Amino acid sequence: MTNSFLAGTMSLAVATALFSTPGLADGSKLDEVLARGHLVLGTGSTNAPWHFKSADDKLQGFDVDMGHIIAKALFGDPEKIEYVNQSSDARIPNITTGKVDITCQFMTVTGERAQQVAFTIPYYREGVGLMLKADGKYADYAALKAAGSSVTVSVLQNVYAEAMVHAALPEAKVDQYESVDLIYQALESGRADTVATDQSSLAWYMTQSPGRYKDAGYGWNPQTYACGVKRGDQDWLNFVNTALHEAMTGVEFDTYAKSFKTWFGKDLTPPQIGFPVEFK
């Protein structure tokens, strides 16, 4: 009787655990999305090259392309997406409340955020970079650093701006501006020798004026960007991870590489054939 009682107790415990685990009692988000017939993607609309409107009012950008990759993996059709236009502070709440299936919105991975949502594998590594005029007096980062206090850096106004710049150029003068447009204008007018901001923003800006600007060749302050999904649904997380992984390393690489070239102006080296690079 003791063994029978224990077996019954264990069965009850297992059943309770299964049906109290998010995503198992009601099925996976994967099944829900497939049954619905389209993906509900949370993203923004005001930050090029990540998510912004084209001249014909169509949402576009690198984050949006990540959604296309996931939708194609789901339905064979990258356009089967319903967009939820959200502010940065709505990214996590909209995941946890189920308003969106997934958020792809230049969201930096942190330990604090990972307690609230489940992050996918990274799809981009951000960092701070320096942009120069192509015909300016400084050739690259080494020249900027050697010039010391003679260099003026334009940067977006922030309490951390001086510390951020001085991590790369300890002696440089730092001029802070209230908008992104103004930091570029400072470089163009000669008030600044270089611009310091997100490398993705610099890459996008340089693609808009080919040959006019150049990357100084140095990056720092790395941040990981990943999509976020609701915690507790491993099937859904595994599926999205598979879609993103194969876009960066497998069958959909050409799609990912085309997007990377469009928004950042850089050609990616195709994954090496043979032994999987992830295990080297």
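Predicted model: local features only at pLDDT ≥ 70, side-chain atom pairs only at ≥ 80, totals over all residues.

Biologist: Where is asparagine 221 placed, and what is its phi?

Modeller: Asparagine 221 is in strand 11. Its phi is positive, about 55°, although the residue is not a glycine.

Biologist: Which other residue has a positive phi although it is not a glycine?

Modeller: Aspartate 57 is one, with a phi of about 70°. You'll find aspartate 57 in the loop between strand 3 and strand 4 (59–60).

Biologist: And is aspartate 57 buried or exposed?

Modeller: Exposed: the relative accessible area of aspartate 57 is 55%, and over 50% is what it takes to be called that.

Biologist: OK, zooming out. How many helices and strands does the protein chain have?

Modeller: There are 11 helices and 11 strands in the protein chain. The C-alpha trace spans about 85 × 40 × 40 Å along its principal axes.

Biologist: What share of the residues count as buried?

Modeller: 42% of the 280 residues in the protein chain. As for contacts with a separation of 6 or more, 65% of them are between residues 24 or more positions apart.

Biologist: What does leucine 244 touch, leaving out residues up to four places away in sequence?

Modeller: Met66, Ile70, Thr120 and Ile121. From the other end, threonine 120 touches Leu244 along with Ala226, Cys227, Leu237, Val240 and Asn241, again not counting residues up to four places away.

Biologist: Helix 10 next. How do the axes of helix 2 and helix 10 cross?

Modeller: The two axes come within 7 Å and cross at roughly 70°. Helix 2 and helix 10 are therefore roughly perpendicular to each other.

Biologist: Which residues make that contact?

Modeller: On the helix 2 side Lys29, Leu30 and Val33, and on the helix 10 side Asp235, Trp236 and Phe239. Sorted by class, that contact has 4 nonpolar residues, 2 charged ones and no polar ones.

Biologist: Which residues of helix 2 are buried?

Modeller: Lys29, Leu30 and Val33 are the buried ones, with helix 2 running over residues 29–36. They line one face of the helix, because they fall within an arc of 105° when you look down the axis of helix 2.

Biologist: And what covers them?

Modeller: The cover includes strand 1 (39–43), helix 3 (62–75) and helix 10 (234–249).

Biologist: What goes on at the start of helix 2, and what comes just after it?

Modeller: At the start, a side-chain oxygen of serine 28 comes to within 3.0 Å of the backbone nitrogen of leucine 30. Just after helix 2 there's glycine 37, with a positive phi of about 95°.

Biologist: Switching to helix 8. Which of its residues are buried?

Modeller: Ile183, Tyr184, Ala186 and Leu187 are buried in helix 8, residues 180–189. Their arc around the axis is only 150°, so they sit on the same side of helix 8.

Biologist: What covers that side?

Modeller: Among the elements covering the buried residues of helix 8 are strand 7, strand 8 (152–156), strand 9 (173–177), helix 9 (199–208) and strand 11 (213–229).

Biologist: Which residue follows helix 8?

Modeller: Glycine 190, and its phi is positive, near 95°.

Biologist: Last one: where is there a cis peptide bond?

Modeller: Between alanine 48 and proline 49, with omega about 5°. Proline 49 lies in the loop that runs between strand 2 (46–47) and strand 3 (51–53).

Technical notes. Residues numbered from 1 in each chain as written. Heavy atoms only, no water. Buried < 20%, exposed > 50% of the residue type's maximum accessible area, 1.4 Å probe, protein only. Helix = DSSP H or I, 4+ residues; strand = E, 2+ residues; numbered from the N terminus. Arc of directions from axis to C-beta. Contact = heavy atoms within 4.5 Å. Polar contact = N/O pair within 3.5 Å; in protein donor to acceptor, adjacent residues only side chain to side chain. Axes fitted to C-alpha atoms, helices over the stretch in contact; angles between N-to-C directions. Parallel < 35°, antiparallel > 145°, perpendicular 65-115°, else oblique. Nonpolar A, V, L, I, M, F, W, Y, C, P; charged D, E, K, R; others polar.
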